[in-house]
Amino acid sequence: MKEIVVSGIRSTGRLHLGNYFGAMRNFLKMQHEYNCFFFIADYHSLTTHPAPNDFHENVRQVLVEYLACGLDPDAATIYVQSDIPEIPELYLLLNMNAYVGELERCTSFKDKIRKQPDNINAGLLTYPSLMAADILIHRAVKVPVGKDQEQHLEMARTFGNRFNRIYRTELFPEPYAFNFGTELVKIPGLDGSGKMGKSEGEGNAIFLSDPEDVIRKKVMRAVTDSGPTELNQKKPEAIKNLFLLMNAVSSHDTYSFFEDKYAQMQIRYGDMKKQLAEDMAAFCKPFRERIEELSKDSEYVGKVARVGAEKARVSAQETVRNARKAIGIRSFY
Ligand code: TYM
């Protein structure tokens, strides 16, 4: 039996290079080797209260981008989270044994409190239980994600184990964050600090669907410093990040060339950024073209979502049936 893999990306907008290297690159490699469930986390995007039209449009966009990246609906089960009613049901069941204290201590919750102090809703607090439900609903063991999701995986294990213990069952196996390169990935943003992300401000992220001129503009504006002042100097954060981005999209030779220049104090950031912009544009181009093409094919995209939901529900229904049984939920009629 193939091992079960689950992962998703929130439908808060277009996919960026962080999503690609942290998650999608692994999805593509795993889809033929494992029993994969890849979904669009649209319930998770509701914590920020999107307008109804934007909400729907964003889900469609991410679905199109999944396919444009090369996810194969004949190999993996691709679906929209809100098409699977068993997920919110399991979320409810898990919430009964998720303690407010542990949820409040979650780093992503603390982050959100800082970022959206006017909208600290229960959905944000229980975000890890919904994510655990996404994973446990198919009894997954491997979850391809970026570094920022590590703590959520730990919570999914906690909730699954707790359920097993309380109800004396072995329903849920332990899911682990997974990356082919062993270490989980964190792609930095262009603003010199932190990670590439949708909520980190325009210009911080390069999206797969960005046109070449937009990529060039964003990269040329990336934060740098006045250059190294000693031979073989340790790189400050912003420069390290620029090199990390180059390492992701450029050839090994290009990367080593600029490494050497830096070590020799001969680096010209303008040249490096120009090269990085060209390499990013070349990397994104085939994705952008495919996204444009697939955007026009609503019928195909709709079919993928329908077939995916049907397949995902078979597995989800079985889990919820067993979870209800373990808890003692039995019908009177
Ligand atoms: P989200 O939508 O923020 O990101 C989707 C995936 O992309 C990865 N990622 C990154 N990896 C490396 N560097 C970056 N700068 C970067 N930015 C994003 C994330 O680690 C993630 O793998 N809660 C999840 C979505 C989710 C999910 C799940 C994932 C909901 N349920 C169940 C796995 C399993 C999220 O917000 O990811």
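In this predicted model, the lining of the largest pocket draws at least two residues from each of β1, α1, β2, α5 (107-115), α7, β4 (142-144) and α8 (150-166). Among these elements, α5 gives the most, with six residues. Sorted by class, the lining holds 16 nonpolar, 15 polar and eleven charged residues.

What takes up this space? The largest pocket is the space taken by the ligand. Around the ligand itself you will find a shell of 26 residues, the closest being R10, Y127, D134, D148 and I187. Several elements come back here: β1 (4-10), α1 (17-30), β2 (35-41) and α7 (127-136) each provide at least two residues of that shell. Its make-up by class is twelve nonpolar, nine polar and five charged residues.

Now let's zoom in on individual atoms. Start with R10, where an N or O atom of the side chain is 2.6 Å from an oxygen atom of the ligand. Next comes D148, with a polar side-chain atom 2.4 Å from a ligand oxygen. On its own the ligand has 710 Å² of accessible area, and the protein covers 99% of it.

Notes: Residues are numbered from 1 along each chain as its sequence is written. This is a predicted model: local features need pLDDT of at least 70, side-chain atom pairs count only at pLDDT 80 or more; totals for chains, interfaces and linings use all residues. Side-chain values use heavy atoms; hydrogens and water are left out. A residue is near a molecule or strand if one of its heavy atoms lies within 4 Å of it. A polar contact is a pair of N or O atoms within 3.5 Å; within protein, one must be able to donate a hydrogen and the other to accept it, and residues adjacent in sequence count only if both atoms are side-chain atoms. Accessible areas come from the Shrake-Rupley method with a 1.4 Å probe; for residues, only the protein chains shown count as cover. On a 1 Å grid over the protein atoms alone, a cavity is a set of points where a 1.4 Å probe fits but cannot get out, and a pocket is an open set with protein on both sides within 12 Å along at least five of seven lines; lining residues have an atom within 4 Å of a point. A molecule sits in a cavity or pocket if more than half of its atoms lie within 2 Å of its grid points. Helices (H or I, at least four residues) and strands (E, at least two) are DSSP runs, numbered from the N terminus. Ala, Val, Leu, Ile, Met, Phe, Trp, Tyr, Cys and Pro count as nonpolar, Asp, Glu, Lys and Arg as charged, and the others, Gly among them, as polar.
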